[in-house]
Amino acid sequence: MADGQPRHSPAGQRVWEAACDLFYREGIRSAGVAEIAERSGVGKPSIYRNFESKDGLALAYVKAKAVPSRVWLETARAACPDDPLGQLRHVIAEIAEQISAPGYRGCPLVNASVEFPHRDHPVRVAVDELKAEYLELLAELVSRLPVRDHRTLAYMLQMLVEGASVTTQIYEAEKSATALKEAADRLIDSYLER
């Protein structure tokens with residue numbers, strides 16, 4: 001299913017769609033169970049039967065939103081076989097396209113990390129693990145390039161991605177997307193061994 005979402009009953013699917021929309025547009029903490037019930041047309045008891053708790057629903061949302069990052073890496077490998085630099089540029093271009101899309105409100109995982117500052121909360125634990133996993137996938141991709149210190153380069157690229165995601169909320173989205181691609185190319189070039 002889209003965004004790696006779990007399968008649900010028809011009522012559970014309506015809850016899922018309403019919750020994902022509200023969580024992304026308004027924030028996880030701002031969206032109450034009553035609002036999710038009203039928006040989905042499903043009673044609160046049914047919500048709890050399907051998801052056990054709002055935290056359980058939030059956790060499922062965060063995990064589902066992490067799926068596109070893995071898909072980008074797989075797509076890049078398929079689109080540019082035997083071209084590690086092309087694969088990396090492909091991933092950066094996909095991210096640039098996403099952050100400049102209408103309605104983009106920032107990375108759902110970063111948004112959740114801001115809402116859940118306590119690192120021992122299950123949602124925050126999941127966000128931290130998923131972001132660490134993404135960084136490892138990026139480092140694996142970068143490690144195939146003839147660069148010095150691939151882990152540092154991967155970390156810096158991740159910082160560029162996160163920064164571009166945030167600046168789209170402040171400045172022009174297209175400008176941030178273009179700057180991301182240009183800055184990533186310059187950064188990669190500075191790490192290439194000659």
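# Close-up views of a predicted model

View 1. At least two lining residues come from each of helices H5 (67-79), H6 (84-99), H7 (108-115), H8 (122-142) and H9, and H8 gives the most, with five; helices here are DSSP runs of H or I with at least four residues, numbered from the N terminus. By class the lining has 16 nonpolar, six polar and six charged residues, with Ala, Val, Leu, Ile, Met, Phe, Trp, Tyr, Cys and Pro counted as nonpolar, Asp, Glu, Lys and Arg as charged, and the others, Gly among them, as polar.

Residues are numbered from 1 along each chain as its sequence is written. Because the model is predicted, local features need pLDDT of at least 70 and side-chain atom pairs count only at pLDDT 80 or more, while totals for chains, interfaces and linings use all residues, and side-chain values use heavy atoms, with hydrogens and water left out.

**View 2. The salt bridge between Arg-77 and Glu-140.** The closest N and O atoms of Arg-77 and Glu-140 are 2.9 Å apart, in a salt bridge, defined as a side-chain nitrogen of Lys or Arg within 4 Å of a carboxyl oxygen of Asp or Glu. Arg-77 belongs to helix H5 and Glu-140 to helix H8, so the pair ties together parts that are 63 residues apart in sequence. Arg-77 is partly exposed at 28% relative accessible area, and Glu-140 is likewise partly exposed at 41%, on a scale where buried means under 20%, exposed over 50% and partly exposed in between (1.4 Å probe, protein chains only).

View 3. Glu-162 and Lys-131 meet through their side chains in a salt bridge with an N to O distance of 2.6 Å; Glu-162 lies in helix H9 and Lys-131 in helix H8, 31 residues apart. Glu-162 counts as buried, with 19% relative accessibility. The side chains of Glu-136 and Arg-151 form a salt bridge at 2.8 Å, N to O, and this pair links Glu-136 in helix H8 to Arg-151 in helix H9, 15 residues apart. Both are partly exposed, Glu-136 at 42% and Arg-151 at 45%.

**View 4. Two aspartates with positive phi.** Most residues other than glycine have a negative phi. Asp-149, in the loop between H8 and H9, has a positive phi of about 55° and counts as partly exposed at 46% relative accessibility.
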